[in-house]
Amino acid sequence: MTLHTSPARTATDPRYAGGAAYMDGTFMPLGEARIPITDWGYRRSDVVYDVVSVWDGCFFRLDDHLTRFRASMEATRLVPRETDDEIRSMLHRLIALSGLTESYVAMDCLRGAPLPGTTRHPKNARPYLIAFAIPYVRLVPAEVIERGTHAIVASAVRIPDASLDARHKNFHWADMTSGLFEADERGADMPILLDAAGNVTEGPGFNVFVIRDGRVATPDSNVLGGITRLTVIELCAELGLPCDVRPVSAEELRNADEILFSSTSGGPFGVTRIDGRILSNDRPGPLTNRLREAYWAKRKAGWHAEPVRYDLV
Ligand code: PLP
């Protein structure tokens with residue numbers, strides 16, 4: 001399947017050509033955005049975030065991303081001054097400034113720096129929002145998506161939900177980062193992390209689906225509620241593919257007919273090797289391809305799409 005791209009608009013102001021940023025009420029070119037080094041968002045990873053995509057000049061499932069972002073913020077007691085409606089308008093304006101028609105749009109709520117004269121308790125900081133829009137990013141290069149991703153089961157165990165609820169999108173990525181280096185050292189593209197009981201969780205930036213004998217399954221716990229995961233579950237229903245949300249063991253993963261990853265950064269895409277074992281003749285499998293093609297065809301047709309307000313510059 002060829003990845004579609006439409007011609008980029010041009011940013012109205014050339015300073016925004018590389019992307020646009022928003023910091024606590026102010027818009028600026030991407031390269032001008034700076035975080036204070038005393039901010040706990042940086043010093044303690046005390047930050048939650050979300051990422052939505054724009055394709056063909058439309059946001060995908062923006063309502064779902066805003067709902068998830070608000071839930072992450074509230075659960076972490078990180079509440080900025082902007083309402084959801086204000087965040088929505090701000091995101092539209094960011095894309096309008098950048099002129100991008102295919103974009104990776106990140107929004108973060110940071111704890112902030114301790115206010116002068118207060119104790120070093122996080123309640124003494126004022127959380128604030130930053131966001132940026134840059135050209136669309138894929139987790140792996142387009143050629144790897146076409147060829148199929150090579151994955152490993154990482155030796156790092158995923159941080160448990162009991163310590164950090166994976167549903168709240170966060171920057172605690174030490175396990176993912178070590179998995180990425182391990183994948184590299186073992187000649188693979190991506191790691192998949194297990195929980196302490198040996199069940200599949202997720203990977204750096206994606207949820208995992210296994211397919212065996214025509215049945216699809218995805219882990220039910222210790223995972224982010226991925227918006228693309230939700231989309232794949234809905235697509236399975238539309239395509240008549242049974243899809244279970246339940247514990248998935250490492251053994252099932254290693255013996256799967258097909259494995260599929262799902263992410264805002266690349267949509268659904270296939271795995272062709274797991275710990276060196278070749279799946280589906282080393283090409284993305286037939287059900288993976290059906291789900292992937294349905295995803296992009298429906299997006300192109302305007303499914304869950306919210307057109308960007310390019311007039312908001
Ligand atoms: N799991 C993790 C840890 C992620 O960071 C992401 C996305 O960045 C996902 C899953 C996929 O979620 P979504 O489909 O909403 O992009």
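I searched the whole structure for salt bridges, taken as a side-chain nitrogen of Lys or Arg within 4 Å of a carboxyl oxygen of Asp or Glu, and the search finds 25. I keep in mind that this is a predicted model, in which local features need pLDDT of at least 70 and side-chain atom pairs count only at pLDDT 80 or more, while totals for chains, interfaces and linings use all residues. Residues are numbered from 1 along each chain as its sequence is written, and side-chain values use heavy atoms, with hydrogens and water left out.

**Salt bridges**

I looked up Arg111 and Asp46, whose side chains meet in a salt bridge at 2.7 Å, N to O. Arg111 lies in the loop between strand S5 (103–110) and strand S6 (128–135) and Asp46 in the loop between H1 and strand S3 (47–55), so the pair ties together parts that are 65 residues apart in sequence. For the elements I rely on DSSP runs numbered from the N terminus, helices being H or I of at least four residues and strands E of at least two. Arg111 counts as buried at 8% relative accessibility, and Asp46 counts as buried at 15%; buried means under 20% relative accessible area, exposed over 50%, and partly exposed in between, with a 1.4 Å probe and protein chains only.

I then turned to Asp50 and Arg68, which form a salt bridge of 2.8 Å, N to O. Asp50 sits in strand S3 and Arg68 in helix H2 (residues 62–75), so this pair ties together parts that are 18 residues apart in sequence. Asp50 is buried, with a relative accessible area of 0%, and Arg68 counts as buried at 10%.

**Ligand**

A polar side-chain atom of Lys169 lies 2.5 Å from an oxygen atom of the ligand, and a polar backbone atom of Ile227 is 2.8 Å from a ligand oxygen. For Thr264, an N or O atom in the side chain is 2.6 Å from an oxygen atom of the ligand. The protein covers 93% of the 390 Å² of accessible area that the ligand has on its own, areas coming from the Shrake-Rupley method with a 1.4 Å probe.

**Surface**

I noted that Tyr42, in helix H1 (residues 40–43), counts as exposed at 55% relative accessibility.

Key. Polar contact = N/O pair within 3.5 Å; in protein donor to acceptor, adjacent residues only side chain to side chain.
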